[in-house]
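Hi everyone, thanks for coming. Today I'd like to walk you through one protein, so please have a look at the screen and keep it in view while I talk.

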Amino acid sequence: FTFYKFFLYAQAERQIASGDTSGGLATYGRLAALGERLGYWTPPFERAFFLSRKAMAELRCWKTDAAAVTVAAGLAYNGRHPDLRLVEIAVLKRLGETATAEARLAELQSFYASYPEADAETWPRVVARAETLATKGV
């Protein structure tokens, strides 16, 4: 079963890389649906990993709203997964391209509040700090 999940992941990435973005996103949708049908993933971090990859693919295809939904689902499943935290920052950054600086800072503060136990030097916190400074114009 693990092989099948990685096969779908590789197939989705290949489809997107070859220009078939709708086919690639549909394949990612089939992959994400596996967890909903089974109700479990072994090991548990795999679902968060694949949801982070699905969200990044949606960002690459300019489906920002879909990526935000995928990240929210992943964080609800495993809010401590570092890949999801990095994707969350990418989504915030993309959404922030059309938002005011105040709205971006509010979203970043929400990110900090939802991840308070993280070491300040973890990669998601470093990226969020850089994004916060860039938003403030420092």
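Let me begin with a question: does Glu-58 count as buried or exposed? Glu-58 counts as buried, because its relative accessibility is 5%. Let me explain the word: buried means under 20% relative accessible area, exposed means over 50%, and partly exposed lies in between, with a 1.4 Å probe and protein chains only.

Before going further, a word on where this comes from. This is a predicted model, in which local features need pLDDT of at least 70 and side-chain atom pairs count only at pLDDT 80 or more, while totals for chains, interfaces and linings use all residues. Residues are numbered from 1 along each chain as its sequence is written, and side-chain values use heavy atoms, with hydrogens and water left out.

How confident is the predictor? The score is pLDDT, the predictor's confidence in each residue, from 0 to 100. The protein has a mean pLDDT of 78, with 77% of its residues at 70 or more. Where pLDDT is low, the predicted coordinates should not be read in detail.

Now the overall layout. There are 7 helices and 0 strands; here helices (H or I, at least four residues) and strands (E, at least two) are DSSP runs, numbered from the N terminus. Of the 138 residues, 41% count as buried. The accessible surface comes to about 7,500 Å², and 60% of that belongs to carbon and sulfur atoms. Those areas come from the Shrake-Rupley method with a 1.4 Å probe, and for residues only the protein chains shown count as cover.

Let's go inside. Which residues make up the largest nonpolar core? It has 11 residues, among them Leu-8, Ala-12, Ile-16, Leu-25, Phe-49, Ala-57 and Cys-61. By nonpolar core I mean a set of buried Ala, Val, Leu, Ile, Met, Phe, Trp, Tyr and Cys residues joined through side-chain atoms within 4.5 Å. Helices α1, α2 (21-38) and α3 (45-60) each supply at least two residues of this core, and α2 gives the most, with 4 residues. A second, separate core has 9 residues, including Ala-48, Leu-59, Leu-75 and Val-91. In soluble globular proteins, nonpolar side chains tend to be buried together.

Let me zoom in on a few residues. If we leave aside neighbours within four places in sequence, Cys-61 is in contact (heavy atoms within 4.5 Å) with Ile-16, Thr-21 and Leu-25. Gly-24 sits in helix α2 and is buried, with a relative accessible area of 0%. With the neighbours within four places in sequence again left aside, Gly-24 is in contact with Ala-12, Gln-15 and Ile-16. Gly-24 and Ala-57 are 33 residues apart in sequence, and their C-alpha atoms are 8.4 Å apart in space.

Ser-52, in helix α3, is also a residue to look at: it is buried, with a relative accessible area of 0%. Leaving aside its neighbours within four places in sequence, Ser-52 is in contact with Asp-83, Leu-84 and Val-87.

Next, the charged pairs. How many salt bridges does the structure hold? It holds 2, a salt bridge being a side-chain nitrogen of Lys or Arg within 4 Å of a carboxyl oxygen of Asp or Glu. One joins the side chains of Arg-60 and Glu-13, at 2.7 Å from N to O. Arg-60 lies in helix α3 and Glu-13 in helix α1, so this pair ties together parts that are 47 residues apart in sequence. Arg-60 is partly exposed at 44% relative accessible area, and Glu-13 is partly exposed at 23%.

The other brings us back to Glu-58, which forms a salt bridge with Lys-54, with the closest N and O atoms 2.8 Å apart. These two are 4 residues apart in helix α3, so about one helical turn separates them. Lys-54 is buried, with a relative accessible area of 13%.

Finally, let's step outside. Phe-3 is in helix α1 (residues 2-17) and counts as exposed, because its relative accessibility is 67%. Together with Tyr-4 and Phe-7, Phe-3 forms a nonpolar patch on the surface, with about 360 Å² of accessible area together. Patches are made of residues with over 30% relative accessible area and no salt bridge; like charges are joined within 9 Å, and nonpolar side chains (Val, Leu, Ile, Met, Phe, Trp, Tyr) within 5 Å.
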